[in-house]
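Hi everyone, thanks for having me. Let's look at one protein chain together and talk about how its parts are held to each other.

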Amino acid sequence: MTIARECFVVMPYGNKPFPDGSGRQYDFEKVWRVLISRAVREAGMVPVRSDQRESSGLVHSEMFRDLRDREVVLADLSLDNPNVFYELGVRHALRPNVTILIRHKKTRLPFNLNGMTVIGYDHTDPKSLNETIKDISRFIKEGLKSNKCDSLVHNV
């Protein structure tokens, strides 16, 4: 029996307001369903989020172990979410490679992330969505093969 490789996903959960003050809601559960889960599975991995764990114990301890031990971490930077940025920083400090960054195409990234490769997506456009799923899957597979450093901390 083979044990499936897991990809730890760092992202906001549920519906969050767009930062433009329009009152529109950003549906991260849809992003999870139609984009992230599909892309990770296409890469041959199982997507895992902290909020979907069925075990008891300290959530933070498990999260830190996932950030340290998972071969692949995927982070959605679509909103200025402090939890996502914190977890990305922890990942970069603990592990030198295979951290995949994604964002909604209209998201402006903070200055410190501008030089990094970030895959843009629009989860409401079916044509764009299929291409993005392929891109994310390819980045995961190539990252696992090459072990190229993608952490600014470990580059130093």
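I'll begin with the overall fold and then move to some salt bridges.

A word on the model: it is predicted, so local features need pLDDT of at least 70 and side-chain atom pairs count only at pLDDT 80 or more, while totals for chains, interfaces and linings use all residues. Residues are numbered from 1 along each chain as its sequence is written, and side-chain values use heavy atoms, leaving out hydrogens and water.

The chain has five helices and seven strands; these are DSSP runs, H or I of at least four residues for helices and E of at least two for strands, numbered from the N terminus. In order, the pattern reads β-β-β-α-β-α-β-α-β-β-α-α.

Of the 156 residues, 42% are buried. Buried means under 20% relative accessible area, exposed means over 50%, and partly exposed is in between (1.4 Å probe, protein chains only).

Now, how many salt bridges does the structure hold? There are nine, each a side-chain nitrogen of Lys or Arg within 4 Å of a carboxyl oxygen of Asp or Glu.

One of them joins R70 and E6, with the closest N and O atoms 3.0 Å apart. R70 sits in the loop between α2 and β5 and E6 in strand β1, so this pair ties together parts 64 residues apart in sequence.

Another links R49 with E29, also listed at 3.0 Å from N to O. Is R49 buried or exposed? R49 is buried, at 1% relative accessibility, while E29 is partly exposed at 25%.
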